[in-house]
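Trainee: Please take one part of this protein and go through it closely. I would like the packing around a single residue, then what lies beyond.

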Amino acid sequence: MKHFFYLVYTVVSFSFFAQDSSEKNFLTGSNYLFKESQPAIFIFRDSSNLRVKPSTDSKIVNNLPIGSRVYLHSKSKHTLTLNGIKSAWYKVETQKGNGWIWGGCLTQQVQRSAANPDLYFLFSIKGCLIDSIDQRTEKVYQLKAVENNVELDCVTFTNNALYLGQLFNHNNAGLKNLDHLLTIDLPCIGGCGCTTGTKYFFFYNNAFKHTETLFGTADAEYSEYEEFIFPSDLSGEKFFVIKKSNFVDWSNEENINESDAIKRIYTQSYYIWNGESLVPSLSRKKTVENYKMDDF
């Protein structure tokens, strides 16, 4: 059985036409027993149109800036698909009046800064792409930093999993020259629910300075992983970002079978965050250990 572990994306040509649509659904007021318990939803696209009726032909009541809070009262029975995003229309209550807005303009996940209550991180799917070579569908996601209805910065990335995991805000993760570390878990492509990777977003001085993706494979005894350990983590060390990895040694792949002892390579590398990127530590060297599964 072949096992593949991809750490680098290949850039290919895409067209902004989607045959498959990704649906955005939101709970409305009718789903909550008490109105006070209904959370606000945030506008993801700047200057989103608020309309009299759930239609692109309907009169525009107002334009809502990014980061605006809205409360959803009800949804239309029909849907609209744009750029591969399928969603109903939602009747909403806003500070600029009531009306209908297309669900594609709404944020799917949000995190708030503990240090700056006016700073929000909005995360949502933007659209779908079709690979012009093999017609493979990629979903396009965006993570935006928004303060007082102004977009400070935005990161765009693609993923072809059925869905993405939860957005988390780890504040500065115990690091200097870092305001926020945000992470998103990446599930396996098949949609079984297991996590096979994590995207890391380093935010400092109102900008995303660094983005990195660490992958793994969920394949029983052949599973592989890599992860970051930060100073704020229980096993973290002050000043250092530690990268741990555990891989199967595939150098003799043709001789690996269920009865053989699986050889593994465990590494631990130390990095320093300088406010712009992760740089290898000069004081703590990388360690490499080899072992067999039957040693335990």
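Mentor: Start at F201. Leaving aside neighbours within four places in sequence, F201 is in contact with L143, V155, F157, H180, L181, L182, I184, F208, H210 and T211. Contact here means heavy atoms within 4.5 Å.

A word on the source. This is a predicted model, in which local features need pLDDT of at least 70, side-chain atom pairs count only at pLDDT 80 or more, and totals for chains, interfaces and linings use all residues. Residues are numbered from 1 along each chain as its sequence is written, and side-chain values use heavy atoms, with hydrogens and water left out.

Now widen the view. F201 belongs to the largest nonpolar core, which has 35 residues. Such a core is a set of buried Ala, Val, Leu, Ile, Met, Phe, Trp, Tyr and Cys residues joined through side-chain atoms within 4.5 Å. Buried means under 20% relative accessible area, exposed over 50%, and partly exposed in between, with a 1.4 Å probe and protein chains only. V70, L72, L106, F121, F123, F201 and F208 touch the most other members. Strand β7 (residues 85–94) gives the most to this core, with five residues. Strands (E, at least two residues) and helices (H or I, at least four) are DSSP runs, numbered from the N terminus. Apart from this core lies another, of 13 residues, among them Y200, L214, F230 and L278. In soluble globular proteins, nonpolar side chains tend to be buried together.

Next, the charged pairs. The whole structure has four salt bridges, each a side-chain nitrogen of Lys or Arg within 4 Å of a carboxyl oxygen of Asp or Glu. One of them joins K144 to E151, with the closest N and O atoms 3.8 Å apart. K144 is buried, at 7% relative accessible area. E151 is partly exposed, at 37%.

Another joins K243 and E226 (3.7 Å, N to O). K243 lies in strand β18 (residues 241–248) and E226 in strand β17 (residues 225–229), so the pair ties together parts 17 residues apart in sequence. E226 is buried, with a relative accessible area of 11%.

R284 pairs with E237, the closest N and O atoms being 2.8 Å apart. R284 sits in the loop between β20 (278–280) and β21 (287–292), and E237 in the loop between β17 and β18, so this bridge ties together parts 47 residues apart in sequence. R284 is partly exposed, at 30%. E237 is partly exposed too, at 26%.

Last, the whole chain. The protein has zero helices and 21 strands. Buried residues make up 43% of its 296 residues.
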